[in-house]
2 protein chains.
Amino acid sequence: MKLTGKEGYTFVEGGVCAAKGFKANGLNCGLNPNKDKNDLGLVYSETPCHTAGVYTQNKVKGAPILVTKKNLEASGGITKAIIVNSKNANTCNADGEQKAERMCELTAQALGIVKEEVIVASTGVIGQVLPIEPIETHIEKLAAGLSEDGNERAATAIMTTDTVKKEVAVEFVLGGVTCRLGGMAKGSGMIHPNMATTLNFVTTDVAIETSLVQKALNEIVKITYNCLSVDGDTSTNDTLTVMANGLAGNACITEENEDYAIFKDALYIVLMNMTRMLAADGEGATKLLECSVSEAKDVDTAIIVAKSVICSPLFKCAMFGEDANWGRVLCAIGYADADFSIEKVDVDLASENGSIAVCRNGAGVEFSEEFAKEVLSADTIYIRVSLHDGDSQATAWGCDLTYDYVKINGDYRS
Amino acid sequence: MKLTGKEGYTFVEGGVCAAKGFKANGLNCGLNPNKDKNDLGLVYSETPCHTAGVYTQNKVKGAPILVTKKNLEASGGITKAIIVNSKNANTCNADGEQKAERMCELTAQALGIVKEEVIVASTGVIGQVLPIEPIETHIEKLAAGLSEDGNERAATAIMTTDTVKKEVAVEFVLGGVTCRLGGMAKGSGMIHPNMATTLNFVTTDVAIETSLVQKALNEIVKITYNCLSVDGDTSTNDTLTVMANGLAGNACITEENEDYAIFKDALYIVLMNMTRMLAADGEGATKLLECSVSEAKDVDTAIIVAKSVICSPLFKCAMFGEDANWGRVLCAIGYADADFSIEKVDVDLASENGSIAVCRNGAGVEFSEEFAKEVLSADTIYIRVSLHDGDSQATAWGCDLTYDYVKINGDYRS
């Protein structure tokens, strides 16, 4: 997928290891019977990290989230490591917290740190007891294999039904020094983040206070991950953490100055591209859908309308069928819980193949069905909605609804 | 589908013609190129009817809804006829209201009534201009063919992607006289009613004041149609009307007495069964899903939780796959926007083949996967949730998410 950048920010390789001082590893410990598929990942910074996190708002919270929150409170937001497994979400289990605690202990022992410095996360099937033995027997090997180029091994360890690994990192200059910020994420179903998203880990060598990492994260999550929906199901295990170890050597960011703005933009670019990757690799997806709502009276209105379009199963099916059935876009705009005048709404459908106006002032306009088919045959479809009611805008990301989504989720748990 | 009744109410044939004094007809006027498929329906009562209606809350409202509301205001809630077409929703068209007005005029002329006594409705593709000629040239024939056994012709005229016609009628005794109440409805996609639902027409010979028909309708819609979701898309044309012509000869109901309660129960039985029919015939559906939430602190909480389960695409796919993936039920309960304690939640899955406990106190319990498969192989699956937080309950209805849903809606508009 083509990444979307901004002047002054260069995309670099390395994912969670792009920033100075971060090592990673991943391996198969046996949770997943497929020995070729990594299922246990580790990220480590010897230098303590100022850490921020956002988590699912689902009332059902994965046990790892409860433990991670407790650890961050105990350590005052300082962490050094992330331990994460796939194949089992360790959620809705009576012994879930105990197992998540055990994962932190094992990791801390292997690394010679304290367990409160460990972020723990799990993803996979909900409601099945997590076997701890495979982790116990592989943690030493996992820690021993940590390396500065281990990002890919970690990124593949968190994949579930994902078809591609998701890593993004950028390099930029802040206060005269070169900094990096990068991360890894996993999708690809049960994605409809609310205040956070599915597993996502960001690392950076920027020196910045914890409270400002958290502030930037909250702002950026609202306009990236929280504008993503694959299927409308808010996961129980959504976790997004940002670890900043300060090794870039910039003057530590302690207020909302220009450096903070540069940091926030870096975070935006990485999370926005990760959001697009997650949408494009939504379960069964063949197309990335990007709905931009402009000329809204405020950002919240724009977000609500954009998400309503992206979430409509009927519109998602129409995009799978490459059918310019714009009435479904209007329908979804119409039931969005926001205040605007439907009679002023314009809609265009676009792609790399061109753009077509399909609706003006809430009513249909004539267009060539043949050209519409060509526009919609692309892999990324842009739905541009104007409310003609102000100057705010927002974008939401989703994907089409396909046979394969049903196949993946209709198949027996595996 | 087996209907669910109540003592004192007998199911009868006749749909919208079950009640005294109602005639109906339906034919193909050419809107649908398939000459074997009726696309224009008419319902008529020579005796004026006290009429109540509820309509979509979508900001995009079909032109027929605007005209019907205007007519009901002008006539003081008195109607005599319903004219309805399928194949074209007459929505998002610049000339939509004009065309809907014309349909009323044509109907009034053919029946010798005034146009404000006509309810008009359309269903089909959004945003395509409605050809009025086929209606103009067939309205006389349609009116001439009205008969007391024409209900099926009308019920088939409103079908779109529906695979079965939907009619329910009951007979009951009220104040010593025999009364009837029946109706017809159409599904089967873009169904997630909010305050009303897709096209649905109820007729009755009960004598009752308009304000009380409306009051009963509002109450019953909340616990029937508004608890139905096929795909989360709230249609632009949702319309549900109840016409009461009083021909049963009962003492006119003018207050909320015992007779009113009997009437309301009849309305509940018909609308609840219609709701189940709509869910069972949801686009592509192979299974009816019925989620009952009990021991909630209030009805609203029970409704919100039940609808959240019914709307979850992941759970809907799991039901298609007959997979007792109850973690997805918990997940959907967890993101329901209501206040309760997830640690007290119990979940059972049941069908005519038996019942299994899958979750107690928010955590999984062991069960036989083999027996679970057998339970889930039935056509109707009951999801029973207890919140252990009060004594209110509610039920929501939906269907599984299947390849055919994607096929029907991914295919080019037709």
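**Entry 1**

I looked up Glu101(B) and found it buried, with a relative accessible area of 17%. Buried means under 20% relative accessible area, exposed means over 50%, and partly exposed lies in between, with a 1.4 Å probe and protein chains only. The model is predicted, so I noted its limits: local features need pLDDT of at least 70, side-chain atom pairs count only at pLDDT 80 or more, and totals for chains, interfaces and linings use all residues. Residues are numbered from 1 along each chain as its sequence is written, chains are lettered from A and ligands numbered from 1 in the order in which they are written, and side-chain values use heavy atoms, with hydrogens and water left out.

The side chain of Glu101(B) meets that of Lys70(B) in a salt bridge, at 3.2 Å from N to O. A salt bridge here is a side-chain nitrogen of Lys or Arg within 4 Å of a carboxyl oxygen of Asp or Glu. The pair links distant parts of the chain, with Lys70(B) in helix 1 (residues 63-75) of chain B and Glu101(B) in helix 2 (residues 96-111), 31 residues apart. Helices (H or I, at least four residues) and strands (E, at least two) are DSSP runs, numbered from the N terminus. Lys70(B) counts as partly exposed, at 40% relative accessibility.

**Entry 2: other salt bridges**

I noted the general point that side chains of opposite charge can pair when their charged atoms come close. Over all chains the rule gives 44 salt bridges.

Lys215(A) sits in helix 5 (residues 210-223), while Glu256(A) is in the loop between strand 9 (239-244) and helix 6 (258-280), 41 residues apart. Lys215(A) is partly exposed, with a relative accessible area of 34%.

In chain B, Asp389(B) pairs with Lys344(B), and their closest N and O atoms are 3.7 Å apart. Asp389(B) lies in the loop between strand 14 (380-386) and strand 15 (392-399), and Lys344(B) in the loop between helix 9 and strand 11 (346-351), 45 residues apart. Asp389(B) is partly exposed at 28% relative accessible area, and Lys344(B) is partly exposed at 34%.

I also found a network of salt bridges that links Lys70(A), Glu97(A), Glu101(A), Lys115(A) and Glu116(A).

**Entry 3: where the chains meet**

How many residues of chain A are in contact with chain B? I read off 54 residues of chain A, in contact with 53 residues of chain B. Contact means heavy atoms within 4.5 Å.

The two chains bury about 4300 Å² between them, 60% of it on carbon and sulfur atoms. Buried area is the accessible area (1.4 Å probe) that two parts lose on being put together, summed over both. Across this interface the rule finds zero salt bridges. It does find 16 residue pairs in polar contact, both at pLDDT 80 or more. A polar contact is a pair of N or O atoms within 3.5 Å; within protein, one must be able to donate a hydrogen and the other to accept it, and residues adjacent in sequence count only if both atoms are side-chain atoms.

Several elements of chain A each supply at least two residues to the side that touches chain B, among them helix 8 (313-320) and strand 13 (363-364). Helix 11 of chain A supplies the largest share, six residues.

**Entry 4: buried residues**

I checked Trp326(B), in the loop between helix 8 (313-320) and helix 9 (327-334) of chain B. Trp326(B) counts as buried, at 3% relative accessibility. Beyond four places in sequence, Trp326(B) touches residues of both chains, including Cys92(A), Gly127(A) and Phe367(B).

Thr123(A) lies in the loop between strand 5 (118-122) and helix 3 (133-144) of chain A. Is Thr123(A) buried or exposed? Thr123(A) is buried, with a relative accessible area of 7%.

Ala306(B) lies in helix 7 (residues 299-311) of chain B. Ala306(B) is buried, at 0% relative accessibility.
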